[in-house]
Amino acid sequence: MKSMQIRVFPTPQAAARALAADIGRTIARVPHLVLGLPTGRTPVPLYGELTRLARSGAIDLSGATTFNLDEFLGLAADDPRSYRSFMRRHLFAHVRVRRAHVLDGAARDPAAECDRYERAIRRAGGIDLQILGLGRNGHIGFNEPGRALVARTHRTRLTPATRAANASLFGGRVRDVPREALSMGMVTILHARRIVMLATGASKAGCVERMIAGPLTPMVPASFLQVHQRVEVWLDRAAASRLR
Ligand code: GLP
């Protein structure tokens, strides 16, 4: 098994700059790139860099198709607290892409919405490059730690820790954070041709260590990235501090 390729940058901003430049080079080769995108605090500097590069004409994302990893259940697309709104604020209001897909958290039939999303990914030819963030409890997307993981896009219950981590989108009120979400599944994620996990800050150091050096366990969903053939872990020094 090929081991995960690890890159350590001096700061989160340096990692974001390098990843935006990497995406720019990739898209110059593959203009119709299918890009998987995360939300959370970690990718915000990346989206800032992509916006900067796109505005200066250094990269052109207009041919790209994007698929976001997850969305809160019960929030309409125009709800300012939804991940779709987050993406609009941080990226899509500034950078034109060919097609930006985000799961519809307000879908009448969530199971049908999950199936539709899987079909849309397949129709797009699969995900070429999946960018991931890391939950402090080891989740990716909203694949939470538990006794078992779900393969495909699905409806899922959020752990108290994850609801607390997302409270800032809800004015700091954990009780307002939805209890459920829709998320790409572990197999959906692992089918991406290339994966870049971006993790920054000291709060991620323990989890980064378990993801890279720990056993494969559904208690650390990110540990399953170890089976992927082309996964890179991009860290700042703080997130890498527990690695030898
Ligand atoms: C949320 C998202 C994840 C993200 C995680 C980490 O729960 N669903 O996809 O990776 O938060 O967030 P942060 O980058 O803010 O630490």
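## The largest pocket

α5 gives the most to the lining of the largest pocket, with three residues. The structure is a predicted model. In this model, the space in the largest pocket comes to about 580 Å³. Besides α5 (160-165), helix α3 (83-92) also supplies at least two residues of the lining.

The lining is made up of 27 residues, and those nearest the centre of the pocket are Thr39, Gly40, Arg41, Ala165 and Asn166. Sorted by class, the lining has 13 polar, ten nonpolar and four charged residues.

## The second largest pocket

The second largest pocket has a volume of about 150 Å³. Which helix supplies the largest share of the lining of this pocket? That helix is α4 (residues 110-123), with three residues. The lining includes Glu118, Ile121 and Arg122, and also Gly126, Ile127, Arg152, Thr188, His191 and Ala192. Its classes are three nonpolar, three polar and three charged residues.

Glu118 and Arg152, both in this lining, also form a salt bridge, with their closest N and O atoms 3.3 Å apart. Glu118 belongs to helix α4, while Arg152 sits in the loop between β6 (129-132) and β7, so the pair links distant parts of the chain, 34 residues apart.

Is Glu118 buried or exposed? The relative accessible area of Glu118 is 8%, and buried means under 20%, so Glu118 counts as buried.

Three strands form an open sheet in the order β4-β8-β7, and their pairing is antiparallel. The strands β4 (70-72) and β7 (154-157) stand at the edges; each has a single partner strand, so one side of each is left without a neighbour in the sheet. From one strand to the next, the twist averages 30°.

β7 and strand β8 (residues 180-183) run antiparallel and are joined by four bridges. One residue pair in this part of the sheet is His154 with its bridge partner Ser183 in β8.

Arg155 and Glu180 meet in a salt bridge, at 2.9 Å from N to O. Arg155 lies in strand β7 and Glu180 in strand β8, so this pair ties together parts that are 25 residues apart in sequence. Arg155 is partly exposed, at 45% relative accessibility. Glu180, at 22%, also counts as partly exposed, because the range for that class begins where buried ends, and buried means under 20%.

## Other salt bridges

How many salt bridges does the count come to? The count comes to ten. Among them is the pair of Arg193 and Asp128, whose closest N and O atoms are 2.5 Å apart. This pair links distant parts of the chain, 65 residues apart: Arg193 is in the loop between α6 (186-190) and β9 (194-199), and Asp128 is in the loop between α4 and β6. Arg193 has a relative accessible area of 44% and is partly exposed.

Salt bridges can also join into a group. Asp22, Arg194 and Glu232 are linked in a network of salt bridges.

Note on methods:
Residues are numbered from 1 along each chain as its sequence is written. This is a predicted model: local features need pLDDT of at least 70, side-chain atom pairs count only at pLDDT 80 or more; totals for chains, interfaces and linings use all residues. Side-chain values use heavy atoms; hydrogens and water are left out. On a 1 Å grid over the protein atoms alone, a cavity is a set of points where a 1.4 Å probe fits but cannot get out, and a pocket is an open set with protein on both sides within 12 Å along at least five of seven lines; lining residues have an atom within 4 Å of a point. Grid points are joined across faces, edges and corners, and a volume is the space filled by probe spheres set on the points. Ala, Val, Leu, Ile, Met, Phe, Trp, Tyr, Cys and Pro count as nonpolar, Asp, Glu, Lys and Arg as charged, and the others, Gly among them, as polar. Two strands pair if DSSP finds at least two bridges between them. Axes are lines fitted to C-alpha atoms, for helices over the stretch in contact, and angles run from 0 to 180 degrees between N-to-C directions. A salt bridge is a side-chain nitrogen of Lys or Arg within 4 Å of a carboxyl oxygen of Asp or Glu. Buried means under 20% relative accessible area, exposed over 50%, partly exposed in between (1.4 Å probe, protein chains only).
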